[in-house]
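Open the model in your viewer and keep the sequence panel at hand.

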Amino acid sequence: MLMRQMLITGAILGGFAAIGSTLVAITFGATEERIEQAHRDALLRSLHELVTPEQSDNDLYHDVIEVTDRELLGSHKPVQIYRARKAGQPVAALLTPIAPNGYGGAIRLLVAIHYNGHLAGVRVLQHHETPGLGDDIEASRSDWILSFNNHSLSSLSAGEWKVKKDGGVFDQFTGATITPRAIVHAVHHSLNYFQQHREAIFNTPSLPPEAEHHE
Amino acid sequence: MSNTRYRDIAEQGLWQNNVAFVQLLGLCPLLAVSNNTINGLGLGMATLLVLVCSNVTVSLIRHWVRPEVRVPVFVMVIASFVTAIDLLMNAFMHDLHMILGIFIPLIVTNCAIIARAEAFASKHSPGYAFWDGLMMGLGFMAVLVVLGALREILGQGTLFDQAHLMFGSGAEWLTITLIEEYQGFLLAILPPGAFIGLGLMIATKNWLDQRGDKKIIHGANHQQTNTPVAPS
């Protein structure tokens, strides 16, 4: 009798688990493609802000490699580098380094460097900086991030790749020095990485299309 | 008869037994996400949807679920709906989903939802359960939106900032800049602003209630005010 009760109860629980999982599975199947498309659109939008569609003619989203450099790219995990080309010639590389020492933890950046070593631009992909103080690094809130445009390792000396407070040329914000300092540092590192690995960045074959979706 | 019942449920959900004001449930997402109006509205709608779906489902299955496994089954129902809604938001409101992030999956842990399933939906017919879910959800959403609006106005001098994240591009006109060249009031946007704001809102509600009570007592003593049936 008790056994029978337990079996019925178990069956009810199992039945609802099956129904619940089915609902989730159906939704997942119906939205999977759309979610991936949304991810891709969001990323392409930020890539194309720095390297316009006219400047390149390759499939930016799929022309990507992953590299690991803890010191220069800020993470012990692989970091993506997208390559922009026109008629087969390298145009620019878009690095996605991490500035690990932001005020609110890691800041994910997108750093676009022209083949000649000049910055095409920098954008912040993700951050947890203080609203109202540190979030002026967002292009939508302030022009600060544009101050990197066209700079390179040759346009500024290593000593100048710092915020003004540390003797460099980049502004800090009132009440927030740590955030800009972290970004200036990370952008400088990215330029160094690019200079050291330029040919390898453009000559390494892309990841197979499947691999890049599993971050 | 049934009309007054519906009205009673609406009053309970929207005001007298409001999830955030009176039951003080679901405060974690409420405090974290209410830093602007659109975020509040996004989380509020997601919660509302989960609450309605789970209430109706729980009510429909209330005769089949044995008491011993009642809670796990309710949790499973809620978790399934939350996951499905999380996926749908990720697909159709991607940018807003990125901002709300972890707080959408965390709706599972919003005690208000299991509380309604257990205390109301499992004892009432689907019609009432639907109405209760809708009203409780709207009550919760209203608090989120009002708190979000207060913090946004005080914190950055705007209203409906980033409306395009929810309504698509072309909705930027919704954003209202109330105070030009506003320097911002950081405290309102940071977590303490949420606590202070919610505290003030609860105080205001209690003050309004007390004033109302006094009026009833002074005005007429022929009718007993309907006291809330059970504490939650």
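Start with a cut-off: buried means under 20% relative accessible area, exposed means over 50%, and partly exposed covers what lies in between. Keep in mind that this is a predicted model.

**Stop 1**

Select B:L178. Is B:L178 buried or partly exposed? Its relative accessible area is 45%, so B:L178 is partly exposed. B:L178 sits in the loop between β2 (176-177) and α9 (186-189) of chain B.

Now widen the selection. Which helix gives the largest share of the patch? Colour helix α10 (residues 191-219) of chain B: the largest share, 3 residues, comes from there.

**Stop 1: two helices in chain B**

Select helix α3 (residues 37-60) and helix α6 (residues 111-119) of chain B. Two packed helices are described by the angle between their axes and the distance between the axes. Here the axes come within 9 Å and cross at roughly 25°. Angles under 35 degrees count as roughly parallel. α3(B) and α6(B) are therefore roughly parallel to each other. Their crossing is right-handed.

**Stop 3**

Select B:E118 and B:R70. They form a salt bridge, with the closest N and O atoms 2.8 Å apart. The pair links distant parts of the chain: B:R70 is in helix α4, B:E118 is in helix α6, and 48 residues separate them. B:R70 is partly exposed at 28% relative accessibility. B:E118 is also partly exposed, at 27%.

Next, select B:R116 and B:D132. This is another salt bridge, with the closest N and O atoms 3.0 Å apart. B:D132 lies in helix α7 (residues 126-156) of chain B and B:R116 in helix α6, so the pair ties together parts that are 16 residues apart in sequence. Are these two partners buried or exposed? B:D132 has 2% relative accessibility, so it counts as buried. B:R116, at 10%, counts as buried too.

**Stop 2: salt bridges in chain A**

Move to chain A. Select A:K164 and A:D171. Their side chains meet in a salt bridge at 2.6 Å, N to O. A:K164 is partly exposed, with 45% relative accessibility. A:D171 is partly exposed as well, with a relative accessible area of 39%.

Then select A:D63, A:R83 and A:R85. These residues are linked in a network of salt bridges. How many salt bridges does a search of the whole structure find? The count over all chains is 12.

**Stop 3**

Switch to the backbone. Most residues other than glycine have a negative phi, and most peptide bonds are trans.

Select A:N150. Where is A:N150? A:N150 lies in the loop between β6 (119-126) and α3 (178-203) of chain A. At 55% relative accessibility, A:N150 counts as exposed.

Now select B:L24. Look for B:L24 in the loop between α1 and α2 (27-33) of chain B. B:L24 has 43% relative accessibility, so it counts as partly exposed.

**Stop 6**

Select B:Q16 in helix α1 (residues 2-16) of chain B. B:Q16 counts as partly exposed at 30% relative accessibility. Draw a C-alpha to C-alpha line from B:Q16 to B:A129. They are 113 residues apart in sequence and 18 Å apart in space.

Finish on B:M89, in helix α4 (residues 70-92) of chain B. At 10% relative accessibility, B:M89 counts as buried. Draw a line from B:M89 to B:L31, 58 residues apart along the chain. Their C-alpha atoms are separated by 21 Å.

Note on methods. Residues are numbered from 1 along each chain as its sequence is written. Chains are lettered from A and ligands numbered from 1 in the order in which they are written. This is a predicted model: local features need pLDDT of at least 70, side-chain atom pairs count only at pLDDT 80 or more; totals for chains, interfaces and linings use all residues. Side-chain values use heavy atoms; hydrogens and water are left out. Helices (H or I, at least four residues) and strands (E, at least two) are DSSP runs, numbered from the N terminus. Buried means under 20% relative accessible area, exposed over 50%, partly exposed in between (1.4 Å probe, protein chains only). Axes are lines fitted to C-alpha atoms, for helices over the stretch in contact, and angles run from 0 to 180 degrees between N-to-C directions. Angles under 35 degrees count as roughly parallel, over 145 as roughly antiparallel, 65 to 115 as roughly perpendicular and the rest as oblique. A crossing is left-handed if the near helix is turned anticlockwise from the far one by less than a right angle, and right-handed if clockwise. A salt bridge is a side-chain nitrogen of Lys or Arg within 4 Å of a carboxyl oxygen of Asp or Glu.
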